[in-house]
Amino acid sequence: MERVVREAPAKLNLRLLVGPRRADGYHDIRSLMVALDGLADTVTLTRAPERSIHCSGVASADNLAGRALDVLEQEVGRALPCAITIIKRIPLQAGLGGGSSDAAATLVAADELFALGLSHDRLEALAATLGSDVPFFVRGGCQWAEGRGERLTPAEAPSFMAVIAHPGAGLSTPAVYARFDTLPSPPPTDVTPPPPAMPELAAWVRNDLWPAARSLEPPLERLAADLVAAGALTVLLCGSGSALAGLFTDPPPTDLPLSDPDATIVARVTRPS
Ligand code: C5P
């Protein structure tokens, strides 16, 4: 095989409950994560004499896809030379998991390209060394994520329509968690399963990082208000931000005016598609 092409989808955390900071600096979470149809990067691995990475907007040295290949090379004890090309559609620092998804797609694609035959469990374990969200993207679908995000349990995906909007500026995950640590603890909640569909789902979704994100990026308030004005039943911060998801019961309006000229609509998502 010469080439493997994989879609690397974005994700949405329909619920992100965050506990106190642990001794290792991470936070225990309990999150319902769902892979999104309709917003994905495309990752292509092609056999080549030596490694190269092309990804618009991300320096090759910083690309988590390169680190994914590093851990795979360590695992199998040999070089895995290939050209990695990533067509980026998922915005950076948006909380949509783009970098993690690209890394997971690289792990799975390289396993296939070089016929390494690694088990799914082993790929997930390697993924966990790359970042808390990476194992989720190896699995995909809808999963409850616990621990720092690496312990996964399959779940039924609820139905909803969403508009993903971006305020124009990104947010750094460590910065959002650090701000979270300075704010009052979120109220406790029960661990009820998600309602299968809107509008009940709108009352169930929650993201404990929202107060931290909006204090770091105040324009998010206005963007959230725009989504509500367009008919969203609720607005949810995506992961650690900065993107927002407006959740709708009916197809959202095609003309959705945003007050801030820097803000954009990134995607419209229908689940199931
Ligand atoms: O695991 P990942 O590299 O994506 O995490 C980036 C940063 O986000 C961590 O260094 C930590 O500051 C924060 N984080 C956290 N708790 C989690 C996941 C991430 O505090 N469960």
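**Entry 1: the cores**

Which residues of the largest nonpolar core touch the most other members? I looked that up and found L45, L72, I84 and L107, out of 39 residues in this core. For my own reference, a nonpolar core is a set of buried Ala, Val, Leu, Ile, Met, Phe, Trp, Tyr and Cys residues joined through side-chain atoms within 4.5 Å. Buried means under 20% relative accessible area, exposed means over 50%, and partly exposed is in between, using a 1.4 Å probe and protein chains only.

I noted that this is a predicted model, where local features need pLDDT of at least 70, side-chain atom pairs count only at pLDDT 80 or more, and totals for chains, interfaces and linings use all residues. Residues are numbered from 1 along each chain as its sequence is written, and side-chain values use heavy atoms, with hydrogens and water left out.

Next I checked which elements build this core: β1, β2, β3 (52-55), α1 (64-76), β4 (82-87), α2, α3 (120-128) and α4 (134-139) each supply at least two residues. Helix α2 gives the most, with eight residues. Helices (H or I, at least four residues) and strands (E, at least two) are DSSP runs, numbered from the N terminus. Apart from this core I found another, of 27 residues, among them L32, L201, L236 and A245.

I then picked T106, which lies in helix α2 (residues 98-113). Is T106 buried or exposed? T106 is buried, because its relative accessible area is 0%. Leaving aside neighbours within four places in sequence, T106 is in contact (heavy atoms within 4.5 Å) with V43, L45, A65, A68 and I84.

**Entry 2: the hairpin**

I followed strand β1 (residues 3-21) into strand β2 (residues 27-47) and saw that they pair in the antiparallel sense over 15 bridges. Two strands pair if DSSP finds at least two bridges between them. R21 stands opposite H27 in β2. Five residues lie between the two strands of this hairpin, and G25 in the turn has a positive phi of about 95°. β1 also runs parallel to strand β8 (residues 206-207), joined by two bridges; L16 has N207 as its bridge partner there.

**Entry 3: helix α8**

Which residues of helix α8 (residues 220-229) are buried? I listed L220, L223, A224, D226 and L227. They sit on the same side of α8, because they cover an arc of only 155° around the axis, taken from the directions from the helix axis to the C-beta atoms. These buried residues pack against β7 (160-166), α7 (210-216), β9 (234-237) and β10 (244-248). Just after α8, I spotted G231 with a positive phi of about 110°.
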